[in-house]
Amino acid sequence: MSDLVEVKNLVRDFDVSAPWLNRVLERKPKAILQAVSNVSFNIARNSVYALVGESGSGKSTIGKIIVGLLPPTAGTIKIDGIDPAHEPDKAKIAAMQVGIQMIFQDPYASLNPRWKVGDIIAEPVTARGGKADGLAQKLLEQVGLSGADVNKYPHEFSGGQRQRICIARALAAEPKLIVCDEPTSALDVSVQAQVLNLMSDLREEFGLTYLFISHDLTIVQHMADTVGVLYLGRLIEEAPREALFADPKHPYTKMLLEAAPKLDGFGREVEPPKGEIPDPIHPPTGCAYHPRCPIAVDRCTKERPEMEQKGKGRVACFLAV
Amino acid sequence: MTDTVLKVVNLTVKIPTRQGVLRPVDKLSLEIAKGKILGVVGESGAGKSMTGNAVIGLLDPPAHISGGEIWLNGKRIDTLTREPMRAVRGKQIGMVFQDPLTSLNPLLPIGDQLTETMLEHLDISASEAEKRAIAALEEVGIPGAAERIKSYPHEFSGGMRQRVVIALALCAEPSLVVADEPTTALDVSVQAQIIALLKRLCAERGTAIMLITHDMGVIAETADDVAVMYAGRMAELGPVRDVLTRPTHPYTQGLMASTPLAAKGGKRLNQIPGAMPRLTELPAGCAFHPRCPIAKDKCRADPAPTLGAGDGRAACWFAGEAGP
Amino acid sequence: MSQETKGQNHQPATSPGETSQAGNRLTRAWSRAAGSDFIWSFKRSPVAVVSFLVALGLVLGAVLAPLFAPHNPFDPATLNLMNGFSSPMQPNAFTGEVFWLGTDDQGRDVFSTILYGMRISLFVGFAAVAFAMVLGVTLGLIAGYVGGWIGAVIMRIADVQLTFPGILVAMLIFGIAKGFTPLEQRDEMAIWVLIIAIGLSEWVQFARVVRGATMVEKGKEYVQAARLNGRGAGGIMIRHILPNVLGPVLVIATISLALAIIAEATLSFLGVGAPPTQPSLGTLIRIGQGYLFSGEWWILLFPSVTLLALALSVNLLGDWLRDVLNPRLR
């Protein structure tokens, strides 16, 4: 069977120009921010694919494009073999889209405060005109809450419980793929563990596939089967989890792993990384990482490296071995 | 100890509300010595920020200190009135918050903000202050400091802004810096830069730091001692290596076991059941007992023992009884 | 929470009949409402309590006017010209009747005309606000959620309208509508034209606030979740966003009610509003001012004081509501 998600040469531009009149008066050119730049990757069925990166890496944008909240500027996305941009059969697209759900970062903003929990959970079904009798109760129990909670409102729940409700809502659609955008970054550590465990259990029970978007390497290391590292909208390394954490190939990945605080790093003296993430409207020429890269050579400033198979994964670096 | 910079004894903060009087900080005691970093960790609502605000005298009313003492360099500061406390805050205590914009005036160039602070608290001339401002910015790693002193806060990136805040916090040469989640809003690579900077500057000047954060990794790499707070009370206090590798309070044990790193990939995480109670719904006895795996009748009846500074490590009747 | 469990434990003790269950639910709902922040802050604000009582008294007086009013001022059969120009609280020189607030030139009881006048004023006020609210909320939702050139057009129209004083807009609309109405229907139509004229001059506030609130809600993740679950724009606007922007709408509606009542009084005072056959408070004030300098002060004073009390109490209630619903504005 083919992979569940196939992303090919994905590009997404945002127009971040000043308003038209200001542009004319101040003689400024149009400003285009390329949030996603020629990204390709596949997600195998029933696996967890993690996208990691710092702010401006385009990880959330990719997630939104895959669930259909944003259209891509260029490139193709096939989910379950269907490309929504080129599929003539509308019914097929609709059926495919039901199977993609999303869990958001902020458990407070992702539930409508005026809706009862039961209605919130049933929305994937009712929004499409279906009946959802008893579904919410069943799902609430499945995510570790009480079926009687259907008549409560979101404000009666803690952050962790709300994220469980979001998970229940995603499950209501009987999804194949769940895009999780920083699902635990708003939660406390002890609660985060509960939610991550629940997600692992549900994945086994329902045969789910996760696209896991996170900036937190420790969570990625715990959850992911495959990890893709993004920098400034470009995929720069992709490898199975063990390979990536044991033997990172790209200098940026190395730096990220080195910079992340370690629980057993008592008194560790880290050589702090050089520089900051560049302005994404004017990205560096060649390899986007070259101004901060400790091993950059002349070629890196002129030519953009493509992803190439090296070892167990793919990496976009001329100097990686 | 003669080089104790900050000493907090039995600090209690109360907030009168409709639901009764809440105690976000309850009989908290801690000490920080010169040049040392004390990490204060806890989950949201544990009272760690409230403790920091009490120390710098910036509690939002109706919250107020209702008991205990705060000593800074041998002088009691919790009884000071507003004006003398303001002088102490600028001169002897520096502050770094999560959002650098709250500490910077958006309408003033950063150079003016630095020189103003120095002129107010140090006995130096204006030209000397400007020289020092440039030096301070260079020290925190702002490239082209001599030109950038004329820039406004919004012209800096988040990481650079936090560097400016650190320069501002340290420019009056305080003996204590209270840093409340200084790197939470920053990316991993920038976080590493800021932490390294804080550590270096304080080691060089012998400044004591109270580092408030929820990130155990940051604590492990930065702090000398760590205070773990739960529901307004001190749960465990001790040298960072001991607390993190051999925790004795069941809460700290659960917390350490529930961090993804501890599971080392693939395995299930250990989880503490439930969530921290709201201050309005604190259980009787030890606040942790409903979630505690080793809770006994005594825990349900009696509040956990209060930790004094320098006492034993964990505020638990049965500390160390559950294996780590 | 505790009150709820108490209520549940209570049930077996009392007879478990239908009525007691309903009653129980009602007490529970009441105790929840009484315990809410809303009621709590209401009780703590003397201004809110007094304004509420004054407004409630005036509205009740108007609604129940046929029960309270000693006379029906629109029924010529109850009038006695001999009672004209009676002073307040003093027996009439000819008939010996006593009128609390005196009478006007035709012997109409001022107290009764005020009660009946308030009915017109309040009806026009409520109806105009309802009209402005429906129009403004709809356009605001569309401008905020759909945005683009549609939103831009809506908001530019709103901006243009804001540059005219509201009363001028209302007079303009009133004048144009009058020109199109046949002569014999003018008096009947006057009230409805008044409502539309005032409503059209007040929708902008609703539209602006709703548009702002909608743009905030639109960015929230629950709206994105609804979108990816296939809910259409209309469904999202009505089922998701509308309930979440109603708080500020309520505040504006209250403050607009005070404004609408004053606008109606102003128009009627200027003679372009409610006709003398259906006198509102504004019409009464216009009539009364003719007698101010001939010593019959009560004909002007009492309707004016009533208008003041009505507008002020509603306005203060609106201010309090704004503080409660949006503490950041304080």
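Which helix of chain A holds A:I62? The residue lies in α2 (residues 59–67).

## Basis of the model

This is a predicted model: local features need pLDDT of at least 70, side-chain atom pairs count only at pLDDT 80 or more, and totals for chains, interfaces and linings use all residues. Residues are numbered from 1 along each chain as its sequence is written, chains are lettered from A and ligands numbered from 1 in the order in which they are written, and side-chain values use heavy atoms, with hydrogens and water left out.

## Chain A overall

Chain A has eleven helices and eleven strands. These are DSSP runs, numbered from the N terminus: helices are H or I with at least four residues, strands E with at least two. For 321 residues, a compact globule would have a radius of gyration near 20 Å; chain A has 21 Å, which agrees. That radius is taken over C-alpha atoms, and the globule rule is 2.2 Å times the number of residues to the power 0.38. The C-alpha atoms fill a box of roughly 65 × 55 × 45 Å along the principal axes.

Of the 321 residues, 56% count as buried. Buried means under 20% relative accessible area, exposed over 50%, and partly exposed in between (1.4 Å probe, protein chains only). The accessible surface of chain A comes to about 13800 Å², and 51% of it belongs to carbon and sulfur atoms. Such areas come from the Shrake-Rupley method with a 1.4 Å probe; for residues, only the protein chains shown count as cover.

## Chain B overall

Chain B has twelve helices and ten strands. With 324 residues, a compact globule would have a radius of gyration near 20 Å, and the 21 Å of chain B agrees. Its C-alpha box is roughly 65 × 50 × 40 Å along the principal axes. Buried residues make up 53% of the 324. Chain B exposes about 13600 Å², with 52% supplied by carbon and sulfur atoms.

## Surroundings of A:I62

A:I62 is buried, with a relative accessible area of 0%. Leaving out residues up to four places away in sequence, A:I62 touches A:L10, A:V36, A:V39, A:F41, A:L51 and A:L230. Contact means heavy atoms within 4.5 Å. A:V179 is 117 residues from A:I62 along the chain, yet their C-alpha atoms are separated by 9.9 Å.

## Loop residue A:S47

A:S47 sits in the loop between β2 (32–43) and β3 (48–52) of chain A. The residue is buried, at 9% relative accessible area. Beyond its neighbours within four places in sequence, A:S47 is in contact with A:R203, A:L208, A:T209, A:Y210 and A:D225.

## Helix α4 of chain A

Eight of the ten residues of α4 (residues 117–126) are buried, so this helix is largely enclosed by the rest of the structure. Among the buried residues are A:V117, A:I120, A:E123 and A:P124. Their cover includes β5 (100–103), α5 (135–142) and α6 (159–172) of chain A. Chain C also contributes, with α10 (221–228) and α11 (233–269).

## Contact between chains A and B

The contact takes 41 residues from chain A and 45 residues from chain B. About 3400 Å² is buried between them, and carbon and sulfur atoms give 56% of that area. On the chain A side, A:L263, A:F266 and A:E276 lose the most area to chain B, together 23% of what that side buries. Buried area here is the accessible area (1.4 Å probe) that two parts lose on being put together, summed over both.
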